[in-house]
Amino acid sequence: MNFANESIEFRKYELNSAFPVLVLTGKIWRLSDVRSPRLHFHNCLEIGVCEEGDAFMVLGDREVAIHEGDMTFVGSEVVHTTWSAPGTRSRWSYIMVDLGQLLSDINDLPALKGQGIFNSMQHEYSAILPRDVHPGIYDLVRTILNEFGWKCRNFDYAVRGYFLALTVHVMNYYDHQFQTGDALVQTHQSTTSILPALSYLRQHYAEDFAIDHLAEVCAMSPSSFRRDFTKIMGTSPLNYLIQLRIHRAVELLRATNLSILDISEEVGFHSRNAASSGSGIFLLSPSPHRP
């Protein structure tokens, strides 16, 4: 199926930088049986559990059926939408999480992230995992949901531990199943015009580049790129880049002993001299006549 021409929106969840997890659960989380006319994607990984009923889901360029007990893992750059089977209202629980930031205090995380699968899983990966096929993964997701319900003393430490275990299990499954071509596990080519730019910004946010290069990455004219980016993201490419850099700076402040000056250089906020010479984020500054 081809969903490339569908209307797409970006949904941003405000996650606490010190504990970037948001749980949405309870009896109110029931989905309509009417398919939304718009696909969407997020600023974080979405983990869903179909608690009751059946549903359908568009993931990138495919449509799949969802059944009670199935878990959905949807990377931040995967466009999607979910709706219930005709005449029903399926009930769901959702976990929205920034794994990189949540686990940033773990000493061995750089080695884990260095495998490449970690970043792919957060941003480009999607999977439907049935409960009866993956009871261990289901138990970890259920335990995380329960911890948020109980919120016992120091529950956030327990949640980080469960997320680390969950991450390792899903990474191992993803690595194995992706190599064998499992139809329910895949990474996605961009299905909306600006996603190549988002991927490029995520990987090169600390570097110097011109706005025209982002347009080239998306095979668009600079004016069309700026228009589409601002329409979908609700902000300009420049402001989005600044947000990425600030987000990374917060991670480094929490997880390292680097000075503020060193962190500024690390994330691409260069000195006044560098900025005045034409490097850094000023290369992305739009003209006065463009959004």
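Helices (H or I, at least four residues) and strands (E, at least two) are DSSP runs, numbered from the N terminus. By this assignment the chain has 11 helices and 11 strands. The model is predicted, and local features need pLDDT of at least 70, side-chain atom pairs count only at pLDDT 80 or more, and totals for chains, interfaces and linings use all residues. Residues are numbered from 1 along each chain as its sequence is written, and side-chain values use heavy atoms, with hydrogens and water left out.

Of the 291 residues, 48% count as buried, meaning under 20% relative accessible area with a 1.4 Å probe, protein chains only. Among contacts (heavy atoms within 4.5 Å) with a separation of 6 or more, 75% join residues 24 or more positions apart.

Helix 9 covers residues 237-255 and reaches 27 Å from its first C-alpha to its last, close to the 27 Å expected at 1.5 Å a residue, a span taken as 1.5 Å times one less than the number of residues. Its buried residues are P237, L238, Y240, L241, R245, A249, E251 and L252. They pack against helices 1, 6, 7, 8 and 10.

E77 lies in the loop between strand 7 (71-74) and strand 8 (80-84). E77 counts as buried because its relative accessibility is 14%. Not counting residues up to four places away in sequence, E77 touches H123, E124, L195, L198, S199 and R202. With R202 there is a side-chain to side-chain polar contact at 2.9 Å, that is, a pair of N or O atoms within 3.5 Å, one able to donate a hydrogen and the other to accept it, where residues adjacent in sequence count only if both atoms are side-chain atoms.

Key: Buried means under 20% relative accessible area, exposed over 50%, partly exposed in between (1.4 Å probe, protein chains only).
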